[in-house]
Amino acid sequence: MTQICSCCKIEKDISEFGFRLNRGYYKKQCRECLNEKEKLRYLKNPEKEREYDRNYFHTKKYQKWRKQHRLKPDIKAKERLQVIKYRSKPDSKAKRTEYLNKPEVRERNRYLQRKRLKRILRIG
Ligand SMILES: [Zn+2]
């Protein structure tokens, strides 16, 4: 199956178009065009976009989506694979140590550990 992109007018395989799950149809523009648009938008106003990205990752909507998303077995496996891939890089250990030694990260980890411990104690 193919579709003609409304932007570059090139006929491409349907896999080149993103699928809109909630609407049930394929996007009218191909991935390449959408990526290009995204890039342009970013270049036009990098500060604002970066700010938006940062904010987005802290919204309840995103957190909720991520929680549900991560429950899917294939996503879980994919994420694990990414971690393994990342950890197998030669410089990742040094980077990780450096990251974990940052005061704010240490503080956060201590907090999370306490929280986890509390939960275990409650269950057990
Ligand atoms: Zn296109």
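Start by selecting strand E3 (residues 17–20) and strand E4 (residues 25–30): the two run antiparallel and are joined by 3 bridges. Strands pair if DSSP finds at least two bridges between them. Helices (H or I, at least four residues) and strands (E, at least two) are DSSP runs, numbered from the N terminus. The model is a predicted one, in which local features need pLDDT of at least 70 and side-chain atom pairs count only at pLDDT 80 or more, while totals for chains, interfaces and linings use all residues. Residues are numbered from 1 along each chain as its sequence is written.

Next, select Arg 20. Its bridge partner in E4 is Tyr 25. The hairpin of E3 and E4 has 4 residues between the strands, and Gly 24 there takes a positive phi near 80°. With side chains shown on the strands, keep one rule in mind: in a regular strand the side chains alternate between the two faces of the sheet.

Is Lys 9 buried or exposed? Lys 9 counts as exposed because it has 7 C-beta neighbours inside 10 Å. A residue is buried if 20 or more other C-beta atoms lie within 10 Å of its own, exposed if 12 or fewer, and partly exposed in between, with C-beta atoms placed from the backbone.

Now select helix H3 (residues 60–71). Its end C-alpha atoms are 17 Å apart, which agrees with the 16 Å that its 12 residues should span at 1.5 Å a residue. The expected span is 1.5 Å times one less than the number of residues in the helix. H3 is hardly covered, with 0 buried residues among its 12.

Move on to helix H6 (residues 103–123). Its 21 residues reach 31 Å from first C-alpha to last, close to the expected 30 Å. H6 is hardly covered too, the count of buried residues being 0.

Finally, show the whole protein. It has 6 helices and 4 strands, in the order β-β-β-β-α-α-α-α-α-α along the sequence. The C-alpha atoms fill a box of roughly 60 × 35 × 30 Å along the principal axes. The radius of gyration is 21 Å, whereas a compact globule of 124 residues would have one near 14 Å; the radius is taken over C-alpha atoms, and the globule rule is 2.2 Å times the number of residues to the power 0.38. Of the 124 residues, 2% count as buried.
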